Amino acid sequence: MAKLQIENLPNDFKKNLSELLSRVELGEEIIISNQGVAIAKLIPFRPSSNRRATLGQDQGKFIIPDDFNEPLPQEILAAFEGNEQ
């Protein structure tokens with residue numbers, strides 16, 4: 001497997017690569033293409049332990065009701081408090 005030494009690359013390429021690697025470090029996979037043909041894929045070397053990588057991963061999987069922050073109905077609140085009716 002070929003290994004690339006970042007310090008040997010031109011400055012503008014280093015800047016762009018650094019940004020891409022930061023995104024990959026957070027868990028993003030990046031496909032590199034040449035004239036619309038995929039030629040490579042950047043993936044994390046090991047799973048990220050950074051919490052930011054997991055934020056939003058369940059977006060769209062469930063819906064939070066509009067009344068989520070409203071007080072509970074009295075009968076449910078009473079059951080939680082041990083005052084069941």
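Which residues form a nonpolar patch on the surface? Keep that in mind while we get our bearings, and remember as you look around that this is a predicted model.

Let's start with the whole chain. Its secondary structure comes to 2 helices and 2 strands, and if you walk along from the N terminus, the elements run α-β-β-α. So how much of the chain is buried? Of the 85 residues, 6% count as buried, where buried means under 20% relative accessible area. The chain exposes about 8300 Å², and carbon and sulfur atoms supply 53% of that area. Contacts tell another part of the story: among those between residues at least 6 apart in sequence, 10% join residues at least 24 apart.

How confident is the predictor in all this? The chain averages a pLDDT of 77, with 76% of the residues scoring at least 70. Confidence is lowest in helix α1, residues 11-25, at a mean of 79, and highest in helix α2, residues 74-80, at 88.

Now zoom in on the two strands. Strand β1 covers residues 30-34, and strand β2 covers residues 37-42. The two pair in the antiparallel sense, over 5 bridges. You can trace the pairing residue by residue: N34 has V37 of β2 as its bridge partner, and S33 stands opposite A38, also in β2. Together β1 and β2 form a hairpin, with 2 residues between them. Take a look at the turn while you're there, as Q35 has a positive phi of about 55°.

How well is β2 covered? Hardly at all: among its 6 residues, the count of buried ones is 0. I39 is found in this strand, and it makes a handy example. Is I39 buried or exposed? Its relative accessible area is 58%, and the cut-off for exposed is over 50%, so I39 counts as exposed.

The nonpolar patch on the surface is formed by I32, V37 and I39. Together these three residues have about 260 Å² of accessible area.

How values were computed:
Residues numbered from 1 in each chain as written. Predicted model: local features only at pLDDT ≥ 70, side-chain atom pairs only at ≥ 80, totals over all residues. Heavy atoms only, no water. Buried < 20%, exposed > 50% of the residue type's maximum accessible area, 1.4 Å probe, protein only. Helix = DSSP H or I, 4+ residues; strand = E, 2+ residues; numbered from the N terminus. Pairing = 2+ DSSP bridges. Patch = residues over 30% accessible without salt bridge, like charges linked within 9 Å, V, L, I, M, F, W, Y side chains within 5 Å. Areas by Shrake-Rupley, 256 points an atom, 1.4 Å probe, with all protein chains shown as cover. Salt bridge = Lys/Arg side-chain N within 4 Å of Asp/Glu carboxyl O. pLDDT = per-residue confidence, 0-100. Contact = heavy atoms within 4.5 Å.
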